[in-house]
Amino acid sequence: MQKSLSLLIVLFLLLPVIESCEKKTITNEKIDILSLPSLTARDFTTTYTDSGKLQLVLSAPLMESYDKEEEPYSEFRSGLDVKFYDGHKEPSASVTSKYARYTTSKSLWELRDSVVAINEAGERLETEILFWDQKKALIYTDRFVKITTQDQIIQGYGLESDPRLSKRRIKNLSATIYIDEEK
């Protein structure tokens, strides 16, 4: 009787444990290793020089390079900030965006979301999408652009320009506002 009672108590104590051991399936999502970035860099800064003279400084919170893709590219999902020095001590121009992508084979930069470029003359270009084709030395977009100079604000849709934003053409000009008409 004592043995039966002990066995009953043990079974009673083990019952919750046995019930909690129901068959659980753990699914491992299949991860295609080839779809992962071949290089990831966080909070980095890259400095480019030419003949010992500072040319530009590129910094970004995150960069992921995909070298195994058919068209290899680097993606800056958290944006980037580039300062151009052209051998000077202080930056002469800059560009920022909240997203960027560089396609290596095409030497093509795609900047998206709050793109701001400031050239050597201090002229400010604002748009949502901007492409820079390094092979053709061409900057372009088909979106709304706003260019603020010392004395005017120019707005329109579509832009083609040289990389320094000095020889630019707005395709569909919508407004030119003169800031200070008294000069």
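I began with Glu120, which at 43% relative accessibility counts as partly exposed; buried means under 20% relative accessible area, exposed over 50%, and partly exposed in between (1.4 Å probe, protein chains only).

A note on what I am looking at: this is a predicted model, where local features need pLDDT of at least 70 and side-chain atom pairs count only at pLDDT 80 or more, while totals for chains, interfaces and linings use all residues. Residues are numbered from 1 along each chain as its sequence is written, and side-chain values use heavy atoms, with hydrogens and water left out.

**Entry: salt bridges**

I looked up the salt bridges next and found eleven in the structure (a side-chain nitrogen of Lys or Arg within 4 Å of a carboxyl oxygen of Asp or Glu). Glu120 makes one with Arg164, and their closest N and O atoms are 2.4 Å apart. Glu120 sits in the loop between strand 7 (108-118) and strand 8 (124-133), and Arg164 in the loop between strand 10 (152-161) and strand 11 (168-178), so this pair ties together parts that are 44 residues apart in sequence. Strands here are DSSP runs (E, at least two residues), numbered from the N terminus. Arg164 is partly exposed, with 44% relative accessibility.

I then turned to Arg168, which bridges to Glu123 with closest N and O atoms 2.9 Å apart. Arg168 belongs to strand 11 and Glu123 to the loop between strand 7 and strand 8, so parts that are 45 residues apart in sequence are tied together by the pair. Is Glu123 buried or exposed? Glu123 is buried, at 19% relative accessible area, and Arg168 is partly exposed at 26%.

I also noted Glu126 with Arg124, where the closest N and O atoms are 3.4 Å apart. Salt bridges that share partners join Asp86, Glu120 and Arg164 into one network.

**Entry: the cavity**

How many cavities of 30 Å³ or more are there? I found one, and the largest cavity holds about 30 Å³ of space. On a 1 Å grid over the protein atoms alone, a cavity is a set of points where a 1.4 Å probe fits but cannot get out, and a pocket is an open set with protein on both sides within 12 Å along at least five of seven lines; lining residues have an atom within 4 Å of a point. Grid points are joined across faces, edges and corners, and a volume is the space filled by probe spheres set on the points.

The largest pocket comes to about 710 Å³. Of its 31 lining residues, those closest to the centre are Leu56, Val82, Phe84, Val95 and Trp132. Strand 7 gives the largest share of the lining, four residues.

**Entry: aromatic rings**

I counted six aromatic pairs (rings of Phe, Tyr and Trp, its six-membered ring, with centres within 6.5 Å; planes under 30 degrees apart are stacked, over 60 edge-to-face, the rest tilted). The ring centres of Tyr102 and Trp109 are 4.8 Å apart with planes at 40 degrees, so I wrote this pair down as tilted.
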